[in-house]
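This report examines selected features of one protein model. The sequence and the structure are shown below for reference.

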Amino acid sequence: MKETNESLEKLVAQRTLELARSEQEFRALAEAIVDWAWAVDENAVYTYVSPRVRAILGFEPAELIGKTPFDLMPPTEAQRVSKIFEPIVAAGKPFEMLENINLHKNGHEVVLETSAAPIFDEDGQLKGYRGIDRDITERKKEQEMSDTLNAINVAISSTLDYAQIMAEVLAVAAKAIDCEVATMAICDDKVWTIGHAYGLPKEWVGKSLSKKSAEAALVAAQSSAPFVSDDVSNDSRLDSQPLEELGVKSLLAVSLMARGSIQGALYFANRLSIKHFTSAQADFASKVASSISLAGENARLYSEQRNIADTLQTALITMPDSLPGIKMDCLYHSGTIAAQVGGDFYDLFEIEKGKIGVVIGDVSGKGVKAATLTSLVKNTIRAYVAQGDPPELTISKTNDVVCLSTDPEVFVTVFFGVLDTVENALVYCNAGHPLPLVRASDGSVFELQSTGTAIGVERSVTYESQGAMVQKGEVLLLFTDGVTEARRGLDFFGAERLKELFQDGETLSVLGLPGLIFERINSHCDGQLTDDVAILALSPQ
């Protein structure tokens, strides 16, 4: 019995010595690695904390003995992590790479990655855990900045509205860099102006900056690298007075370059305290500046193209202020988002006294080719009318001209009529175009007849003319398919709705009729018109 007790005591002593040695080895290793190592008992109370905690959380090791890891977390984070820990600890299993947020002694958040293994006593009972915490705050910030940069590029590619782009970009970029202010200054003829700002009062936008205030951007442009000043007041590279007057304590500046010259600058600043900008943040700012420069250049090119397109479009649909014998009103709306000329057109012109030429059409495609074809069709119709050709022959000859001048897949739907304001008669030829409507004096609405296929499809097509009476005060309504095909989902505005609207007493007057119709179709599709719309209304007087 005595020998048994002695053997047991020796075994316990040996086991205790092994645990002590293991503990010593763990502490020696823990204090040699760059990560923060720790040990907790079965109640998750710290029994050991390595000195590395000073660099990671700002605490002395002794300050944490007797606390739990949850005491270092924000309340909501502590609740989240404890729910994860409970089943792991209950099963006595290890865990690794668990992300959790801790609070530094000075209050800011630190993201840790925790791995730990269980410790068991000689009876196999869980005694606690030993683990390490790795500071991954910077890695997380870099990932967030990468995600933010992707979001910025998506936002930039989704719109050509430069003001909208800048409002979104400055806000998300400032938050990603964790600074209080982000501004974009525009350099125009060596004059620097704040064009957009985040974190500043609205009245700052439009303020001029002195050359000294913009000096950081000039330095950045010359060096082709971001300019970083963690402490503006003690930076010999800068004239700090203008910046200090603006309340800037730390500054990160990158130039905006386009066509080989500086167009402006992007500034990130802190006004409440001095801040250290990391190389990752500087790289992020540089990439944001590149994206903004590209967006600005795209916006400039779009504006130039839009101005050209608008000028050309206006020339193609210019109408006379008045014509003898009729009242008229018209409306054109481009559904084209890009800077291109639409394919819808109309024309009114006096052929001779008492006779008015009426044209409306729709060219397949958009852009310069469509504009060229629009001009060709309008001018060809006018030329053949001037020779005295009736509508059916005018359209037939115009068809041959278009076939000879364009690719086979190009076509044009067109209505051409001659309105005799003396006889109140309309002679017309309709080549594949949506059928015009006439509202008679009794308020009834009838549809004109189709007379042939679209022009440009094949040569030597024979067209026929039709006739209709349009009495004084009655209304002829012409439109392109953008009216009837305006839709909300699969619900088209359609010909029936247009007839009902046209017949309604609210639309008795020619003047304002196109605008009213456009208002209704635009409302029908929730302001999302994607096709061009042309509407022409006229009435013999």
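This is a predicted model: local features need pLDDT of at least 70, side-chain atom pairs count only at pLDDT 80 or more; totals for chains, interfaces and linings use all residues.

## A five-stranded open sheet

Five strands form an open sheet in the order β12-β23-β20-β17-β18, and their pairing is antiparallel. The edge positions belong to β12 (326-333) and β18 (445-447); each has a single partner strand, so one side of each is left without a neighbour in the sheet. On average, neighbouring strands of this sheet are turned by 15° against each other, direction ignored.

Helix α13 (residues 494-503) lies across β17, β18 and β20. This helix runs at about 25° to β17.

On one flank, β20 is joined antiparallel to strand β17 (residues 437-439) by 3 bridges. Within this pairing, V475 stands opposite R439, and L476 is the bridge partner of V438. Strand β23 (residues 533-540) also runs antiparallel to β20, with 4 bridges between the two.

How many cavities of 30 Å³ or more does a search of the whole structure find? The search finds 1, and the volume of the largest cavity is about 180 Å³. Its lining consists of 14 residues, of which T183, I194, L246, V248 and Y267 are the closest to the centre.

Two or more lining residues come from each of the elements β6 (181-188) and β11 (261-270). By class, the lining of the largest cavity holds 11 nonpolar, 2 polar and 1 charged residues.

The largest pocket has a volume of about 520 Å³. It is lined by 17 residues, and those closest to its centre are H108, E109, V110, T137 and K141. At least two lining residues are supplied by each of α2 (53-57), β4 (109-120), α5 (137-157) and α6 (162-177). Among these elements, α5 gives the largest share, 5 residues. The lining of the largest pocket divides into 6 nonpolar, 3 polar and 8 charged residues.

The second largest pocket contains about 310 Å³ of space. Of its 22 lining residues, V40, A44, F70, F85 and V89 are the closest to the centre. The elements β1, α4 (75-90), β3 (95-103) and β5 (126-135) each contribute at least two residues to the lining of the second largest pocket. In this lining, 13 residues are nonpolar, 5 polar and 4 charged.

Most residues other than glycine have a negative phi. A44 is not a glycine, yet its phi is positive, at about 65°. This residue lies in the loop between β1 (36-41) and β2 (46-49), and its relative accessibility of 23% is why A44 counts as partly exposed. A44 is also one of the residues closest to the centre of the second largest pocket.

S460 likewise has a positive phi, near 60°, and is a residue other than glycine. Its place is in the loop between β18 and β19 (466-469). With a relative accessibility of 60%, S460 counts as exposed.

Key: Residues are numbered from 1 along each chain as its sequence is written. Side-chain values use heavy atoms; hydrogens and water are left out. On a 1 Å grid over the protein atoms alone, a cavity is a set of points where a 1.4 Å probe fits but cannot get out, and a pocket is an open set with protein on both sides within 12 Å along at least five of seven lines; lining residues have an atom within 4 Å of a point. Grid points are joined across faces, edges and corners, and a volume is the space filled by probe spheres set on the points. Ala, Val, Leu, Ile, Met, Phe, Trp, Tyr, Cys and Pro count as nonpolar, Asp, Glu, Lys and Arg as charged, and the others, Gly among them, as polar. Two strands pair if DSSP finds at least two bridges between them. Axes are lines fitted to C-alpha atoms, for helices over the stretch in contact, and angles run from 0 to 180 degrees between N-to-C directions. Contact means heavy atoms within 4.5 Å. Buried means under 20% relative accessible area, exposed over 50%, partly exposed in between (1.4 Å probe, protein chains only).
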